[in-house]
Amino acid sequence: MPRTCVDLPVSVDREAPVALTVQLGDRLRTAMRDGTLKSGERLPSTRALARQLSISRTVVTEAYQQLYAEGWLDGRHGSGTYVADLVIHTPATARSGSAVPGSRGALAGGGHGYGDGSAPAGGPAVPLPAGGRGHGEQMIDLRPGRPWVRDYDRAAWRRAWRKAADLPPGDRPDPHGVPRLREALAEHLRRTRTIAVGPEDIMVTRSTGNGLDLVAATLLRPGDRAGVEDPGYRVARNVFAARGAEIVPCPVDEDGVVVDGLPDDLRVLYTTPAHQYPLGGRMPISRRERLLAWARRTGAIIVEDDYDAEFRYDVAPLPALHGLDPDRVVLLGTLSKSLAPDIGVGWLVAAPELLAAIVRTRQNLSDRTSGPAQQAVAVMMEQGDLDRHLRRMRLEYARRRAAVVDVLGPMVTGDTAGLHVMVELPGEIIPSILEEARERGVLLDSTSTRHHHGEVRRHGLVIGYGSASLAEIRRGAAVVAELIGPRLADESRVAF
Ligand SMILES: Cc1ncc(COP(=O)(O)O)c(C=O)c1O
């Protein structure tokens, strides 16, 4: 029987400006890191710990849920909460967690805040392709990677651009980006991604793709080997290949990229630890630690694509990998999911020397982000408009995801997060499902068509719920269920 830690050596400070849930989570993480709490040890029940600390049981439950989601805890021994199997290494440079000055932590300011509950309205976005269905009918677009862009606060949008327009355009743009926006981004990242960054650690990009390209142009020479997740994001592969790298597909499973078996000679490795694209898993802390140990040993730079980390619906967004080892990890963020791809603003966070090299690359390529767009985004962030939008969209996307799960049930895999889910299926039935769905007015995507870079390993539909309305999603998911049902019955002999 595992030992139960009856009296946990943790305390919380009611006077501190940090939420009790965040404090408790930080204390427990520290206890697990320094070995006070050991792998396999059983934690006290939420009731017992709440009594010990004289706090509400909800606080303890939320802290446990967050640590469970991050992979620190598990419940595999039956009932109860246990410390997971952890391989811990804390580099001297780590700047994550409670060390963040002024951090309100992951659960504060937007973690579970699902806003005012109003649902976006709007109709179908995609006109019929030539040769499609009957006149007047619309396609339901369930392809991944598209956010809902029809429900931002127009007054806030106009105000931001009016303020941006009051400023004259610059004649010598700062290659790091507008300082005011970098300040706002640093605060946003400290608060929502639990990393201790200042404006000097950030470069404003136009997109994830732009950030990837600048990293590739800085680090990769023709013939260098670049790892990409397989299945994974096509753009990462395209960008590295366009810079002359040899692409090395790296298998992923439910916990993200598989560390065992990663080659020792990768110059860079692209990964999506918060929400693997497209399978949808999150990388638990033990794998994060092993991934970083691999990178330190081999000298590889990890490129962390944090594309939809703002959208988690069960727990607060997981801390970024970058926070665990800022020297090894370049973090890429984007407004493409949280606002719209068209705004053309993203960010890159890297250690000082590497950032300076990336900035030099940018200058050599005369690459920049629009100053007025940066000013407008800075206004939206300073006024709290972006946070409000995120809170509203979290609620909306959570409802849409629930609608997909409601119709497709246990077939759906992937974390309760982001803007897409996976439905794993035998590979041979996928092409006909895509084709018939299209004939019935539903656009779908699959791992087999777009996401594999090497030997095909996982098959499935990738269903995006970002750009269709709730009603369309229900209709589209029903079509998918109708198409899958009989095929699965026919294929019941096929093991997958
Ligand atoms: C995995 C992944 N990363 C990043 C992005 C956003 O990229 P960008 O910022 O270049 O628009 C997407 C959009 O679909 C994506 O799927």
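Predicted model: local features only at pLDDT ≥ 70, side-chain atom pairs only at ≥ 80, totals over all residues.
Helix 12 (residues 430–439) and helix 14 (residues 470–490) pack at an angle of about 145°, and their axes sit 10 Å apart. Here axes are lines fitted to C-alpha atoms, for helices over the stretch in contact, and angles run from 0 to 180 degrees between N-to-C directions. Helix 12 passes helix 14 in a right-handed crossing; a crossing is right-handed if the near helix is turned clockwise from the far one by less than a right angle, and left-handed if anticlockwise. On the helix 12 side the contact is made by Ile 433, Glu 436 and Ala 437, and on the helix 14 side by Val 479, Val 480, Leu 483, Ile 484 and Arg 487. Two residues are in contact if their C-beta atoms, placed from the backbone, lie within 7 Å. By type, the residues of this contact divide into six nonpolar, no polar and two charged.

Residues are numbered from 1 along each chain as its sequence is written.

Stepping back to the whole protein chain, its secondary structure comes to 14 helices and 16 strands. Both are DSSP runs numbered from the N terminus, with helices (H or I) at least four residues and strands (E) at least two. Among contacts between residues at least 6 apart in sequence, 76% join residues at least 24 apart.

The ligand is surrounded by 13 residues, the closest being Gly 145, Ser 207, Tyr 307, Thr 334 and Ser 336. A residue is near a molecule if its C-beta atom, placed from the backbone, lies within 6 Å of it. This shell is made up of four nonpolar, eight polar and one charged residue.

Helix 6 (residues 208–219) reaches 16 Å from its first C-alpha to its last, close to the 16 Å expected for its 12 residues at 1.5 Å a residue; the expected span is 1.5 Å times one less than the number of residues. Helix 6 is also mostly covered, with 10 of its 12 residues buried, including Asn 210, Asp 213 and Leu 219.

A few backbone spots stand out. Most residues other than glycine have a negative phi, and most peptide bonds are trans. Yet the bond from Asp 230 to Pro 231 is cis, with omega near 0°, and Pro 231 is in the loop between strand 5 (225–230) and helix 7 (234–242). The bond from Tyr 277 to Pro 278 is cis too, with omega near 10°; Pro 278 is in the loop between strand 8 (266–271) and helix 8 (285–298). Ser 54, not a glycine, has a positive phi of about 55° and lies in the loop between helix 2 (46–53) and helix 3 (57–70). Ser 54 counts as exposed because it has 8 C-beta neighbours inside 10 Å.

Methods. Nonpolar A, V, L, I, M, F, W, Y, C, P; charged D, E, K, R; others polar. Buried ≥ 20, exposed ≤ 12 C-beta atoms within 10 Å, placed from the backbone.
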